[in-house]
Amino acid sequence: MPSIRSARPTDAATIEAIEDDADRLLVERLHPGSWPPAAPGSDRLAQPGFVLVVTLDDGDVVGFAHVVEVDGLCHLEQLSVRPEHARRGLGRRLVTASADRARLLGYERITLRTYADVPWNAPFYRSVGFVEEEPVTAFHRSLVETEHRLGLDGYGRRVQMAADLT
């Protein structure tokens, strides 16, 4: 039975590799001219917030959720599962565990940004209780600006989504 735990420093390289593996699915769908490699896993672990990993019975880490805490906000920055382990409910379990942890930390909502029309993006998040909303905080507007600067909005409509944790 897969289990979820907090990421450890020894998981950093695996987290990075999982994101690169999962990004290949986006590259195949969006056909960008180029796609940057994942940020170092150690960078994710060093940010304010938390990283959860999902492990198989043998202890192998096959997915992660990175939640940042910024300006009193809780934001699901990244969710990645190795493609060969996709469609087994692991991403759903990571989202639920992230929401549970955020709730325990006192947050009343969690946000994310994603592609509106990629099936494993906004449609998936809708299925776990997220709804679209406009970015109104300075932090969320900065994410929109960063996505534009990186050209992410050139591959499809980007949306902000949020889920109530109360």
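How many residues does helix α1 have, and how far does it reach from its first C-alpha to its last? The helix covers residues 12–30, which gives 19 residues, and it spans 27 Å, close to the 27 Å expected at 1.5 Å a residue. Keep in mind that this is a predicted model. Here's what to look for, topic by topic.

- Quite a list of α1 residues is buried: Ala12, Ile15, Ile18, Glu19, Asp21, Ala22, Asp23, Leu26 and Leu30.
- As a bit of background, an α-helix has 3.6 residues a turn, so residues three or four places apart point the same way.
- What covers the buried residues of α1? The cover includes α2 (41–46) along with the strands β2 (49–55), β3 (61–70), β4 (73–81) and β5 (109–115).
- Just past the end of α1, have a look at histidine 31, which takes a positive phi of about 55°.

**Aromatic rings**

- Two aromatic pairs turn up in this model.
- In one of them, the ring centres of phenylalanine 124 and tyrosine 125 are 5.1 Å apart with planes at 65°, so the pair counts as edge-to-face, the cut-off being over 60 degrees.
- The other brings together tyrosine 125 and phenylalanine 130, with centres 5.7 Å apart and planes at 70°, so this pair is edge-to-face too.
- Put together, the ring pairs make a cluster of Phe124, Tyr125 and Phe130.

**Arginines over rings**

- Arginine 101 lies over the face of phenylalanine 50, and the distance to the ring centre is 5.2 Å.
- Tyrosine 115 has arginine 158 over its face, at 4.4 Å from the ring centre.

**The largest pocket**

- The largest pocket has a volume of about 1,500 Å³.
- Its lining is made up of 46 residues, and the closest to the pocket centre are Asp23, Leu26, Gln78, Leu79 and Ser80.
- Which elements give two or more residues to the lining of the largest pocket? They are α1, α2, β4, α3 (90–104), β5, α4 (122–127) and α5 (138–150).
- Strand β4 gives the most to this lining, with seven residues.

Conventions. Residues numbered from 1 in each chain as written. Predicted model: local features only at pLDDT ≥ 70, side-chain atom pairs only at ≥ 80, totals over all residues. Heavy atoms only, no water. Helix = DSSP H or I, 4+ residues; strand = E, 2+ residues; numbered from the N terminus. Expected span 1.5 Å × (residues − 1). Buried < 20%, exposed > 50% of the residue type's maximum accessible area, 1.4 Å probe, protein only. Contact = heavy atoms within 4.5 Å. Phe/Tyr/Trp six-rings, centres within 6.5 Å; stacked < 30°, edge-to-face > 60°. Lys NZ or Arg CZ within 6 Å of the ring centre and 35° of its normal. 1 Å grid on protein atoms, 1.4 Å probe; cavity = no way out; pocket = protein on both sides within 12 Å on 5 of 7 lines; lining within 4 Å. Points joined across faces, edges and corners; volume = space filled by probe spheres on them.
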